[in-house]
Amino acid sequence: MTTPSGTSRNPWGTWAAVLARLILGGVFLYMGLNKALDPVGFLKLVRQYDLVHGPPWINLVAVTVPWLEAFCGALLVAGVAVRGTALLALAMLVPFTALVIRRALEIQAATGSAFCAIRFDCGCGAGEVWICAKIVENTLLTLLALFLTACRSHRWAARPFLLAAGTPGPAREPSPAP
Amino acid sequence: MPRSARLILEAGAVLLVGCLVALLANQLSPKGLSLSRDYFPGASRPPTPLPLASVPAPQANGQTNPPPAPTNTTIARLQAHGIQVADSNLVIQSFHDPLHAQELIIFVDARDDRHYQEGHVPGAFLFDHYRPAEYLPAVLPACLTAEKVILYCNGGNCEDSEFAAVTLKDAGVPAARLWVYPGGFSEWLTNGLPVETGPRKSGVFKEARP
């Protein structure tokens, strides 16, 4: 339950939100930086998905996605624009997961391997992964992003609401009457 | 303003600032990509699946399939550029040819610096075609004077040797002198051929281990 001031009355919910922010933000930051530090490697992986062709589009995707992920991760860890950033993370996670599954199905069709026996570098930032483990991981991250998008409890957040000046902020003690 | 609209606006603001940060970081990073450069010259489509799958399909007898051989598509694509395909025998023969010692036959490693330092064909030039400004000035004069230039990368479905060959061709090296070795460094190791580590002509060799 959330108070009008944005702090939760449920301490478990408050700490769950902090934990969710740190996990989702930490994963995004780590994965994003891993890709950002090897842009050529990521460019080659983007090409494997055969979604965008030729410069400047494929280069633009390879340049922006890793840094955008790292940026979102940093915002979540710091607690800046939490709900908007979580919504953006959600908007990235869902299509990325669908693309990874599509790619795994292509590999499965070409190799005849069992679906969960497929291990490949999906360009997610952690090298080669087992596809089923990746799907579970992304599902959990999606749930965290959904939770943070809906949640209005923001303990230990530097600036949880970017656009709402004066609305939900940290609870303050009422000023004593003069 | 309704809360949902504010949420979407906030996400949009984060997206916009994030993209600007990305472009700025790319601009400042020494590893940054050029937005306008074609990093995959001569290739319109990526190879159909397989390249990244590391679990080959088991055969009925329990063995795994050998690494994929160069496909007819790869050969046709290279030939369309006037570039030749070198098999293992031709590569070994060229390596032992006296012209190799005179640098009239040269090997060009199209992988990145890290892989090159870990091990390369002895005397091979490093040409990471993703960073032409860094490597082309050193490799181009050698390619222009050589009679035969053999390019390789990791082998299998690695395409970097193809892209490097097309880049060299575009830089003025006659296509007739360019050979791509699709078996690549993995086949070189499998054949137990000598491997040099560190910089070019370091004189430090290691045992070939596939």
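Predicted model: local features only at pLDDT ≥ 70, side-chain atom pairs only at ≥ 80, totals over all residues.

A: Happy to! Two packed helices are described by the angle between their axes and the distance between the axes. For α3(A) and helix α1 of chain B (residues 3–28), the angle is about 120° and the axes are 8 Å apart. The crossing of α3(A) past α1(B) is right-handed.

Which residues make this contact? From α3(A) come A:Val63, A:Thr64, A:Trp67, A:Leu68, A:Phe71, A:Cys72 and A:Leu75. On the α1(B) side you can find B:Val14, B:Gly18, B:Cys19, B:Val21, B:Ala22, B:Leu23, B:Ala25 and B:Asn26. Sorted by class, 12 of the residues in this contact are nonpolar and three are polar, with no charged residues.

Now step back to the two chains. Their contact takes 41 residues from chain A and 38 residues from chain B. The chain B side of it has 25 nonpolar, seven polar and six charged residues.

Next, look for a partner of α3(A) within chain A. The axes of α3(A) (residues 57–78) and helix α1 of chain A (residues 11–36) come within 7 Å and cross at roughly 150°, so these two helices are roughly antiparallel to each other. Here the crossing is left-handed. Among the residues in this contact are A:Leu24, A:Phe28 and A:Leu29 of α1(A), along with A:Trp67, A:Cys72 and A:Leu76 of α3(A). The contact of α1(A) with α3(A) has 14 nonpolar, four polar and three charged residues.

Where does this lead? In soluble globular proteins, nonpolar side chains tend to be buried together. In this model, the largest nonpolar core has 83 residues, and A:Leu24, A:Cys72 and A:Leu148 are among those with the most contacts inside it, as are B:Val108, B:Val149, B:Ile150 and B:Leu151. Our helix, α3(A), gives the most to this core, with 11 residues.

Leaving out residues up to four places away in sequence, A:Leu148 touches A:Ala17, A:Ala20, A:Arg21, A:Leu24, A:Val82, A:Arg83 and A:Ala86. Another core, of seven residues, lies apart from the largest one and includes A:Ala104, A:Ile107, A:Ile118 and A:Ile131.

Terms used
Residues numbered from 1 in each chain as written. Chains lettered and ligands numbered in written order. Contact = placed C-beta atoms within 7 Å. Nonpolar A, V, L, I, M, F, W, Y, C, P; charged D, E, K, R; others polar. Axes fitted to C-alpha atoms, helices over the stretch in contact; angles between N-to-C directions. Helix = DSSP H or I, 4+ residues; strand = E, 2+ residues; numbered from the N terminus. Parallel < 35°, antiparallel > 145°, perpendicular 65-115°, else oblique. Left-handed = near helix turned anticlockwise from the far one by under 90°. Core = buried A, V, L, I, M, F, W, Y, C linked by C-beta atoms within 7 Å. Buried ≥ 20, exposed ≤ 12 C-beta atoms within 10 Å, placed from the backbone.
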